Structures are given as structure tokens and as C-alpha cells.
Amino acid sequence: MGKSASKQFAEEVLRRHNEHRKKHQAPPLKLSGKLNREATRYAESLASTRILKHSEESSKGTCGENLAWASYDQSGKDVADRWYDEVKQYNFSSPGFSSGTGHFTAMVWKSSTKLGVGKATASDGSSFVVARYFPAGNITNQGHFDNNVLPAKAPGSPS
């Protein structure tokens, strides 16, 4: 993937994150060159092994991380919307982490400020996408869901 294609992909993922974050009263994320490079490096490593697993950095809580795999070339919008779709399973009246909503809560985590995006294609044509969030949110801050994962505001309601 050329520089412009990867930059365009990262900006598309960022745009969709910020559209979704706005609904949940979370400030917009900014792309980070450092996180983009780390996410790209990790996406390339996943593509070479073709095994989808979270990085050591995310396990240690140095960053938040969302991963996506598909047998085809994924668009940034598709990836972000698939992650966001978990909002349907999230229980706002009983906030907390669950494996079925982790992508969504990482996306809208209010105190995260930076995003890094990486994408790589495996030899079989499948694609791996990595999103990195800083500071890390939903895994390392169990007691803070009620302040960081806010319900969506109805369109037109006052801020």
C-alpha cells in the first residue's frame, strides 16, 4: 500500500470514529504518527502470521487496541462501523467491560485522545487492521465506564 493509500485509510477510520464519538459526547480523536507507525508494524506482523491476537502493548495497558480481519480488502468505514455496531449489545445501565462490546467501548472511550491506524494485506489477500488508542481506556480502567462510555444523545437534543 502506498503512503497516500494508508494515510487516506487512516483518515477514513478517524473520521468514522469521530462521527461515532460525537454521538456519545466524546471529544474527537487526533491521528498520531507514532501510533500509526506502531499500528502498521503490528498489522504487518499479524498479516505475516495470519493470526489475529492482541499485542503485548495492549495487554500491558500501554495503549488500547482494536483489531479486524477480513478475507477481502476492508474500507476504513466498514471496519469502524463493524466495531461501533457492538453498541447494540452494550448495557448503559450496567456499564463495564465485556468481550462482545470491547471494540465499541474502546472507540468511544471519552478520555482517549489519540488514534493510530495500520492495515496490512496477507499473502492470501486477507486484510488485517489495527487501531491503537492512547491513553488506553476500557481494559485498564474497569471502574470508569460510567464516565467514559456515555449513551448516545438523541439528534437535536441540547448538549
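**Aromatic rings**

I looked up the aromatic residues and found that Y84, Y90, F92 and F104 form one aromatic cluster. I paired rings of Phe, Tyr and Trp (for Trp, its six-membered ring) if their centres lie within 6.5 Å; planes under 30 degrees apart count as stacked, over 60 as edge-to-face and the rest as tilted. The model is predicted, so I took local features at pLDDT of at least 70 and side-chain atom pairs at pLDDT 80 or more, while totals for chains, interfaces and linings use all residues. I number residues from 1 along each chain as its sequence is written, and side-chain values use heavy atoms, without hydrogens and water.

The structure holds five aromatic pairs. One of them joins Y90 and F92, edge-to-face, with 4.8 Å from centre to centre and 75° between the planes. For burial I used relative accessible area: buried is under 20%, exposed is over 50%, and partly exposed is in between (1.4 Å probe, protein chains only). Y90 counts as buried because its relative accessibility is 8%. F92 has a relative accessible area of 28%, so I noted F92 as partly exposed.

Next I looked up W109 and F145, which also form an edge-to-face pair: 4.9 Å centre to centre, 85° between the planes. W109 sits in the loop between α5 (102-108) and β3 (114-121), while F145 belongs to helix α6 (residues 145-148), so this pair ties together parts that are 36 residues apart in sequence. Both W109 and F145 are buried.

**Elements**

I counted six helices and four strands in the chain. From the N terminus on, I read their order as α-β-α-α-β-α-α-β-β-α. Helices (H or I, at least four residues) and strands (E, at least two) are DSSP runs, numbered from the N terminus.

**Backbone**

I checked the peptide bond from F134 to P135 and found it cis, with omega near -10°. P135 lies in the loop between β4 (127-134) and α6.

I then looked up phi of Q25, which is near 55°, a positive value in a residue other than glycine. Q25 is in the loop between α1 (3-23) and β1 (30-31). Its relative accessible area is 34%, so Q25 is partly exposed.

For R50, phi is near 55°, again a positive value in a residue other than glycine. I located R50 in the loop between α2 (33-49) and α3 (56-60). R50 counts as partly exposed because its relative accessibility is 44%.

**Whole chain**

I compared the radius of gyration, taken over C-alpha atoms, with the globule rule of 2.2 Å times the number of residues to the power 0.38. For 159 residues a compact globule would have a radius near 15 Å, and the chain has 15 Å, so the two agree. The C-alpha atoms fill a box of roughly 45 × 30 × 25 Å along the principal axes.

I noted that buried residues make up 45% of the 159 residues. With a contact taken as heavy atoms within 4.5 Å, I found that 71% of the contacts between residues at least 6 apart in sequence join residues at least 24 apart.

The accessible surface of the chain comes to about 8,400 Å², and 53% of it belongs to carbon and sulfur atoms. I used the Shrake-Rupley method with a 1.4 Å probe for these areas.

Last, I looked up the charges: the mean positions of the 22 positive and 15 negative ones are 5 Å apart. Lys and Arg count as positive, Asp and Glu as negative, and His and the chain ends are not counted. I placed each charge at NZ of Lys, CZ of Arg, CG of Asp or CD of Glu.
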